[in-house]
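Thanks for making time, everyone.

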Amino acid sequence: MIRYEPMTVADLDAVAAVEQAVYPFPWSRGNFADSLAAGHGAWLAQEHGRMTAYAVTMQVLDEAHLLNLTVPPEHQRHGRGTAMLTHLLELARQAGVRRMLLEVRPGNLPGQALYRRHGFVEIGRRRDYYPAHGGREDAIVMACEP
Ligand SMILES: CC(C)(COP(=O)(O)OP(=O)(O)OC[C@H]1O[C@@H](n2cnc3c(N)ncnc32)[C@H](O)[C@@H]1OP(=O)(O)O)[C@@H](O)C(=O)NCCC(=O)NCCS
């Protein structure tokens, strides 16, 4: 049974540790703290006392931006990403969101597959959006109606 809880400052060491383990260019603990301070939506999935996913969203009027969605390596490919995204889309619907947007790296095929399954389609690219080894990398921008 998955419980979704708001992320708090007390969670940030654990979140930042997973972030370091998952991404070559992770968000820092401070990036998450800034998101909490800015009032962004920030969620943890908890199962039997373990964190099995986290996500950060930002809503502006009727548009929501998915800023971070992560499943710790040992929990990947067991439906946690799907479950978190379903939770976020449900919250977005309840909040009157008409469009959810996100960026994903062109090389992140698991991420793109997950998002496509939930109705996201590519709507454009942002040039040199991400830091990358030896330069910058474009982002694919995807959107869906929750
Ligand atoms: C992308 C991520 C959030 C997916 O979460 P997950 O819990 O592993 O994914 P799920 O088990 O819910 O899988 C849902 C679908 O995503 C796709 N998918 C997930 N992992 C995949 C992989 N390694 N290879 C290919 N497709 C994959 C598949 O379509 C999968 O459905 P299927 O298992 O029926 O084939 C997770 O792997 C993750 O945190 N990755 C690292 C961080 C990241 O890339 N975040 C997104 C940044 S935009």
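So, the ligand: strand S4 (63-70), helix H3 (80-94) and helix H4 (109-117) each put at least two residues into the shell around it. Helices here are DSSP runs of H or I with at least four residues, strands are E runs of at least two, and both are numbered from the N terminus. Before I go on, this is a predicted model: local features need pLDDT of at least 70, side-chain atom pairs count only at pLDDT 80 or more, and totals for chains, interfaces and linings use all residues. Residues are numbered from 1 along each chain as its sequence is written.

Which element gives the most to that shell? It's H4, with 6 residues. In total 19 residues surround the ligand, and the closest are Gln76, Gly81, Thr82, Pro110 and Ala113. "Near" here is a C-beta atom, placed from the backbone, within 6 Å of the molecule. By class, the shell has 8 nonpolar, 8 polar and 3 charged residues. For those classes, Ala, Val, Leu, Ile, Met, Phe, Trp, Tyr, Cys and Pro are nonpolar, Asp, Glu, Lys and Arg are charged, and the others, Gly among them, are polar.

Now the inside. The largest nonpolar core has 28 residues, and Ala55, Met84 and Leu88 touch the most other members. A core is a set of buried Ala, Val, Leu, Ile, Met, Phe, Trp, Tyr and Cys residues joined through C-beta atoms within 7 Å. Buried means 20 or more other C-beta atoms within 10 Å of a residue's own, exposed means 12 or fewer, partly exposed is in between, and the C-beta atoms are placed from the backbone.

Leu69 sits in S4, and it counts as buried because it has 21 C-beta neighbours inside 10 Å. Leaving out residues up to four places away in sequence, Leu69 touches Ala55, Gly81, Met84 and Leu85. A contact is two C-beta atoms, placed from the backbone, within 7 Å. With that same exclusion, Met84 touches Ala45, Ala53, Ala55 and Leu69.

Most residues other than glycine have a negative phi. Arg77, in the loop between S4 and H3, has a positive phi near 65°, and with 9 C-beta neighbours inside 10 Å it counts as exposed. Asp128 is in strand S6 (residues 121-132), and its phi is positive too, about 55°. Asp128 is exposed, with 11 other C-beta atoms within 10 Å.
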